[in-house]
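Reader: I am new to this structure. Please show me how to read it, feature by feature.

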Amino acid sequence: MTTTPPELDRIADKVLNYRPTLKVIAGSEDKPLMINGIELPCYVLEDGTRVLSQRGVFAGLGTSRGGRENGGAKLPRFASTKALKPFIDGDLLMALKSPIRFQHPKGGRTAYGYSAEHFSALCRAIRAAHRAGALQPRQEPMAERCEILLDGFSTVGIVALVDETTGYERVKEERALAKILEAFIVKELQPWTKTFPYSFYEEIYRLKGWDGPHGVKRPPIIGRYTNDFVYERIAPGVLDELRSKNPILPSGGRQTKHHQWFTPDLGHPKLKEHLAAVTALMKAAPNWPSFMRSLNRVFPKVNTQMLMHMEDEDRL
């Protein structure tokens with residue numbers, strides 16, 4: 001059987017616009033994004049895309065959608081009108097023609113939606129058309145809803161609102177933390193190498209006014225100072241991960257040194273760099289309170305609130 005040109009076009013369009021069905025990692029149907037009384041079901045997908053459900057978008061705008069085609073939806077009827085077309089750019093047009101496929105959180109069926117950014121762009125296009133006097137009278141309510149929605153997005157942005165609504169902030173923290181720990185902590189124990197300079201301990205003893213450390217057994221509090229000055233400040237989650245990999249034995253000590261669990265390519269060099277900087281702060285301090293003030297200013301204890309920035313900027 002010979003395939004006709006129109007059929008070939010449809011096949012090519014289906015292949016070129018194919019997107020895998022993604023899973024939802026945050027968000028639920030019963031917790032929609034609320035903007036001044038307008039409900040917008042929203043989710044975060046496994047690739048990090050913030051998506052608004054197609055059905056929710058049309059309901060939120062108070063309009064109807066087009067028919068189904070190629071497993072997705074046709075261009076929404078209101079967007080295909082001559083009045084609105086001049087205000088929709090090519091990127092937004094493609095997004096409207098090819099909604100994102102994702103697995104509904106309740107399972108079973110494939111859902112469709114638009115990215116939060118594209119939905120915001122759609123609202124701006126409708127507002128621009130309205131202000132230019134291009135919309136028909138029956139489209140006025142939709143334009144009014146877009147004004148309400150855009151006003152709600154204006155303070156922190158739609159992406160931040162979706163993250164807050166779906167609980168993705170916590171997921172981002174967990175992902176960023178996992179990324180940091182993978183870079184800093186090894187899966188297998190590394191051979192011991194001298195890591196902590198003797199001057200690190202000399203300066204602690206000097207600032208505390210203690211005799212030593214030459215020929216003196218280090219008191220247990222040195223371990224707490226090491227955790228405080230080094231492991232709690234070098235990267236978030238590192239100390240907890242080290243305690244998990246290198247737990248305290250029944251005898252009261254640990255089987256290995258914490259620094260033996262640092263990766264040789266990043267973790268260990270960063271550890272030595274941090275130790276040198278902390279030791280320099282101690283050498284410059286005339287007393288213990290002065291050192292602690294400098295330490296807290298230069299190396300504040302890291303926590304999960306910093307993780308989103310680390311993830312977004314892809315830095316460690």
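Author: What follows goes from the whole chain to its cores, its pocket and some single residues. This is a predicted model: local features need pLDDT of at least 70, side-chain atom pairs count only at pLDDT 80 or more, and totals for chains, interfaces and linings use all residues. Residues are numbered from 1 along each chain as its sequence is written, and side-chain values use heavy atoms, with hydrogens and water left out.

Reader: How many helices and strands are there in the chain?

Author: Helices (H or I, at least four residues) and strands (E, at least two) are DSSP runs, numbered from the N terminus. Here the chain has 13 helices and nine strands.

Reader: What share of the residues counts as buried?

Author: Buried means under 20% relative accessible area, exposed over 50%, and partly exposed in between (1.4 Å probe, protein chains only). Of the 316 residues, 42% are buried. Accessible areas come from the Shrake-Rupley method with a 1.4 Å probe, and for residues only the protein chains shown count as cover. The chain exposes about 17600 Å². Carbon and sulfur atoms supply 52% of that area.

Reader: How do I read contacts along the chain?

Author: Contact means heavy atoms within 4.5 Å. Take the contacts between residues at least 6 apart in sequence: 63% of them join residues at least 24 apart.

Reader: Which residues touch the most other members of the largest nonpolar core?

Author: In soluble globular proteins, nonpolar side chains tend to be buried together. A nonpolar core is a set of buried Ala, Val, Leu, Ile, Met, Phe, Trp, Tyr and Cys residues joined through side-chain atoms within 4.5 Å. The largest one has 38 residues, and Leu61, Phe78, Phe119, Ile126, Leu149, Phe153 and Val162 touch the most other members. Helix α4 (residues 116–131) gives the largest share, eight residues. A second, separate core has 34 residues, including Ile180, Val186, Phe229 and Leu242.

Reader: What does Leu61 touch?

Author: Set aside residues up to four places away in sequence. Leu61 then touches Phe78, Phe119, Leu122, Cys123, Ile126, Met142, Arg145, Cys146 and Leu149.

Reader: What is the volume of the largest pocket?

Author: Picture a 1 Å grid over the protein atoms alone: a pocket is an open set of points where a 1.4 Å probe fits, with protein on both sides within 12 Å along at least five of seven lines. Lining residues have an atom within 4 Å of a point. Grid points are joined across faces, edges and corners, and a volume is the space filled by probe spheres set on the points. The largest pocket has a volume of about 720 Å³. It is lined by 25 residues, and Tyr201, Arg218, Gly223, Thr226 and Lys257 are the closest to its centre.

Reader: What kinds of residues form the lining, and where do they come from?

Author: Ala, Val, Leu, Ile, Met, Phe, Trp, Tyr, Cys and Pro count as nonpolar, Asp, Glu, Lys and Arg as charged, and the others, Gly among them, as polar. The lining divides into ten nonpolar, ten polar and five charged residues. Helix α9 supplies the largest share, six residues. Both α8 (198–208) and α9 supply at least two.

Reader: What do the buried residues of α8 pack against?

Author: They pack against α9, α11 and α12 (288–298). Among these buried residues are Phe200, Tyr201 and Ile204. Just after α8, Gly209 takes a positive phi of about 75°.

Reader: Is Phe262 buried or exposed?

Author: Phe262 is buried, at 1% relative accessibility. Its place is in the loop between α10 (238–245) and α11 (267–284). Phe262 and Phe184 are 78 residues apart in sequence, yet 5.6 Å apart in space, C-alpha to C-alpha. Beyond its neighbours within four places in sequence, the contacts of Phe262 include Phe184, Tyr231 and Leu271.

Reader: Where is Thr263?

Author: Thr263 is also in the loop between α10 and α11. With 7% relative accessibility, Thr263 is buried. Its C-alpha atom is separated by 8.8 Å from that of Lys187, 76 residues apart along the chain.

Reader: Which phi value does Asn36 have?

Author: Most residues other than glycine have a negative phi. Asn36 is not a glycine, but has a positive phi of about 50°. Asn36 is found in the loop between β2 (33–35) and β3 (38–40). Asn36 is exposed, with a relative accessible area of 58%.
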